[in-house]
Amino acid sequence: MNNVLTGLCCWRKLSIATLCAFALISSPASTAQETRLPDIGGAGGGLISGQQETDIGQQVMVSIRRSAPRITDPLVYDYLNAIIYRLVPSAPLENRDLTLALIDSPALNAFAVPGGIVGVNGGLFLNAATEQQFASVLAHELAHLSQRHFARRLEQQETSAPLTIAGMIAGIVLSAVTQSDIGIAAIAGTQALAIQNMLAYSRSHEQEADRVGLDILATAGFDPRGMPEMFEIMMRQNRLQGNNMPEYLSTHPLTQNRVADTRNRAEQYPDNAIRDGQEYHLMRNRLQVHYSASPEVAVDTFENYLEKPDAQNSEAIRYGLAVAYLSNNQFEQAADIINDLLANNPGRITLQVTKAEILIQQKKLDEARSLLKTALDRNPGNYPISSTLADVEIAAGNGTQAAEHLKQLTRRIPAQEYLWLRLAEAEGMARNIVGVHRARAEYDALMGDLESAQRQLRQAQEKLPAGSAQRQVVSERLAEITSRLQERRNN
């Protein structure tokens with residue numbers, strides 16, 4: 001893994017300054033005794049409106065969908081969604097309709113983008129030893145969004161059109177999350193920003209995000225001490241990796257004084273001895289298997305964990321071993337562990353879904369279906385259960401049933417493009433050609449290919465009888481896509 005601070009702050013030489021207000025670490029925090037937030041610039045929005053921020057976020061999200069590897073594991077996504085929306089009520093956000101991007105990278109990183117985009121690398125789970133530390137990163141990012149630091153920097157800059165900036169941000173985010181130069185081409189054709197002015201404002205924004213983030217954590221029922229603990233982890237890993245900091249952090253380093261200041265501020269909050277939720281550690285171990293060099297290495301790792309006499313959270317370790325066995329096609333061993341864990345906690349959705357995953361691999365589809373339908377009756381609309389039930393039906397060749405589950409999910413989570421792609425697959429299996437065209441159109445629209453979306457909807461329209469309700473729905477959606485396409489061409 002690259003230098004942990006490089007990963008966290010998303011920076012390469014071309015991208016160091018432009019997203020500095022969205023990085024977790026950059027400059028010394030102010031003291032814990034300060035309670036009144038400073039008035040930095042304006043309130044935001046003088047040059048860029050909330051709608052323009054939304055447009056920027058959508059464009060950035062298109063670039064992420066096109067180029068950044070994504071984690072599509074419904075259990076991990078559902079956990080991240082749950083913790084974000086546990087924090088959101090405590091965040092002073094004007095717009096609480098967030099879009100989550102779960103990036104498939106082991107590098108430690110999180111970022112926030114105008115328009116309510118919150119991105120998290122899988123590596124954040126690996127590096128945050130506790131749920132409190134993990135939540136502290138998310139709270140910091142929500143603080144940046146709530147204070148509209150991006151818009152406020154633009155007011156101070158008085159430069160660059162929002163959509164031009166969107167192209168630059170998209171390239172920067174892609175360079176960061178893919179750990180490559182894939183985003184450089186996206187930046188090359190856009191207007192450069194005044195980097196030195198950006199740096200001058202980022203210090204205050206980071207200090208403000210620290211303070212707001214700590215308040216978010218405390219109000220949401222997390223331990224604010226998780227933030228300085230996370231700082232210490234980053235400093236320790238940075239030393240182990242040779243202290244090879246990026247250019248921006250070399251002038252604004254994360255020092256021991258920064259850690260001490262943040263800890264001092266966190267200590268002002270009541271010490272309620274908050275314990276981690278078990279689900280965090282299940283997801284952390286699930287991702288550790290995902291990022292292991294091989295299934296065999298994952299099995300060896302978790303077997304060694306269990307052999308340690310002081311092994312903490314053994315249930316989570318045993319779960320990780322079960323997932324490792326599943327990954328290594330040792331289905332009986334995986335089933336034995338999951339069944340034992342379920343005996344003590346029969347209602348835990350993660351265990352039920354994992355058992356179903358094992359049953360699918362064992363071709364025991366009827367048993368998996370029965371298990372998941374019972375679980376869904378008790379947890380209507382649950383994403384991991386519904387998604388895995390769709391997997392069962394696809395494995396059984398039941399396209400119509402799979403499509404019904406996926407339609408419900410796309411209505412609830414319409415911004416997840418891979419759900420539309422799975423729906424198109426299920427509709428094709430069911431020989432519902434109109435359904436294939438409609439699902440593909442939504443997928444193409446999310447990927448930014450409005451021309452293809454338009455073609456798909458026209459093909460669906462042609463196959464439907466005139467005057468039918470379904471044709472009317474398709475025609476209305478076609479009009480929306482056509483209008484967006486025309487607007488893009490005019491710009």
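Contact, as the word is used in this report, means that heavy atoms lie within 4.5 Å of each other. Among contacts in the protein chain between residues at least 6 apart in sequence, 71% join residues at least 24 apart. The structure is a predicted model, in which local features need pLDDT of at least 70 and side-chain atom pairs count only at pLDDT 80 or more, while totals for chains, interfaces and linings use all residues. Residues are numbered from 1 along each chain as its sequence is written, and side-chain values use heavy atoms, with hydrogens and water left out.

The protein chain has 24 helices and 3 strands, where helices (H or I, at least four residues) and strands (E, at least two) are DSSP runs numbered from the N terminus. Of the 491 residues of the protein chain, 55% count as buried, a term that stands for under 20% relative accessible area, with exposed meaning over 50% and partly exposed in between (1.4 Å probe, protein chains only).

**A pair of helices**

The axes of helix 3 (residues 74-87) and helix 19 (residues 383-395) come within 9 Å and cross at roughly 160 degrees, which makes helix 3 roughly antiparallel to helix 19, a label given to angles over 145 degrees. Such axes are lines fitted to C-alpha atoms, for helices over the stretch in contact, and the angles run from 0 to 180 degrees between N-to-C directions. On the side of helix 3 the contact is made by Pro74, Leu75, Tyr77 and Asp78, and on the side of helix 19 by Tyr383, Pro384 and Ser387.

**Helix 21**

Helix 21 (residues 417-429) has 13 residues and reaches 19 Å from its first C-alpha to its last, close to the 18 Å expected at 1.5 Å a residue; the expected span is 1.5 Å times one less than the number of residues. Among the buried residues of helix 21 are Tyr418, Leu419, Trp420 and Leu423, together with the charged-type names Glu417, Arg422 and Glu427. Helix 21 is followed by Arg431, whose phi is positive, near 60 degrees.

Technical notes:
Angles under 35 degrees count as roughly parallel, over 145 as roughly antiparallel, 65 to 115 as roughly perpendicular and the rest as oblique.
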